[in-house]
Amino acid sequence: MGKDVIIALDLDSRSKALNFLDGFSSEKPFVKIGMELYFAEGPAIVREIKSRGHKIFLDLKLHDIPNTVKRSMARLAGLDVDMVNLHAAGGAAMMEAALEGLARPGSSRPLLIAVTQLTSISQERMERELLIDRPLEQVVMHYAKNAAGAGLDGVVCSPLEAGKVHEGCGGSFLTVTPGVRFADGEMGDQARVTTPARARELGSDYIVVGRPILQAADPVAAYRRCVAEFTG
Ligand code: C5P
């Protein structure tokens, strides 16, 4: 399982997303559809991209009471996506309910991945605004263990944390890692970055790559370079 490059389709319309995917002729990349594209185009865009043969990570980061999340996950499972996510901060009961909602009789369910702490939350903010005064790294690992305990398949984390997550939650617990840049590329707003090759060495299972591919002069070549470096 795993070891794939997921392209973050951070685009705001169907036409931009399909134009981008039209550039690929010989491969069908795994893509991430986030809130921007989903809220612009709704479930139809998910069905359309799926029908073109792509695997889909639907990145909607659910966080609500268990019953609501369970029922919502059942709708997402019906879209036939391959990976979905939620906030581990919603608690173990919510995560377990999400898994129940995703179950598809007679076929495999989408992978369920947890967000631990958003990378926009610093130690200082976490203490001041959320009143959590433990070290951030400990909080992230604790949430990851809660997710593993609830039966989830993995977490979103930095490639730099992938080894620790595998140590604490088991080698088959998936690490889905953004923050990837080519050695000769722009950092954008990502503070801590690694190259695809380094992400592989650190044990990432999936890398999520947006701008280094979307904004490349030749996106297909950039995607191929990512795959070559990451899957070695
Ligand atoms: O353009 P870039 O490669 O930075 O895109 C990374 C993608 O991963 C974006 O869709 C971003 O929202 C997502 N992401 C992230 N950091 C996280 C969680 C998700 O960059 N901690």
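Author: Hi! Before we start: the helices (H or I, at least four residues) and strands (E, at least two) are DSSP runs, numbered from the N terminus. Also, this is a predicted model.

Reader: Thanks! Which helices and strands each supply at least two residues of the lining of the largest pocket?

Author: The strands are E2 (30-34), E3 (56-62) and E8, and the helices are H2 (35-41), H7 (136-149), H8 (159-169) and H10.

Reader: What volume does the largest pocket have?

Author: Its volume is about 1,300 Å³. Lining it are 43 residues, and Thr119, Val156, Pro178, Gly179 and Gln190 are the closest to its centre. By class, that lining has 20 nonpolar, 11 polar and 12 charged residues.

Reader: And where is the ligand, in which pocket?

Author: The ligand takes up the space of the largest pocket. Strand E8 (206-209) and helix H10 (211-214) each give at least two residues to the shell around the ligand.

Reader: Which atoms of the ligand and of arginine 211 pair up?

Author: An oxygen atom of the ligand lies 2.7 Å from a polar side-chain atom of arginine 211. With glycine 210, a backbone N or O atom is 2.8 Å from a ligand oxygen. Threonine 119 has a side-chain N or O atom 3.1 Å from a nitrogen of the ligand.

Reader: How much of the ligand does the protein bury?

Author: The protein buries 80% of the 470 Å² that the ligand exposes when taken alone.

Reader: New topic: how much space lies in the second largest pocket?

Author: About 180 Å³. Its lining includes Arg181, Phe182, Arg211 and Pro212, and by class has 4 nonpolar, 3 polar and 5 charged residues.

Technical notes
Residues are numbered from 1 along each chain as its sequence is written. This is a predicted model: local features need pLDDT of at least 70, side-chain atom pairs count only at pLDDT 80 or more; totals for chains, interfaces and linings use all residues. Side-chain values use heavy atoms; hydrogens and water are left out. A polar contact is a pair of N or O atoms within 3.5 Å; within protein, one must be able to donate a hydrogen and the other to accept it, and residues adjacent in sequence count only if both atoms are side-chain atoms. Accessible areas come from the Shrake-Rupley method with a 1.4 Å probe; for residues, only the protein chains shown count as cover. On a 1 Å grid over the protein atoms alone, a cavity is a set of points where a 1.4 Å probe fits but cannot get out, and a pocket is an open set with protein on both sides within 12 Å along at least five of seven lines; lining residues have an atom within 4 Å of a point. A molecule sits in a cavity or pocket if more than half of its atoms lie within 2 Å of its grid points. Grid points are joined across faces, edges and corners, and a volume is the space filled by probe spheres set on the points. Ala, Val, Leu, Ile, Met, Phe, Trp, Tyr, Cys and Pro count as nonpolar, Asp, Glu, Lys and Arg as charged, and the others, Gly among them, as polar.
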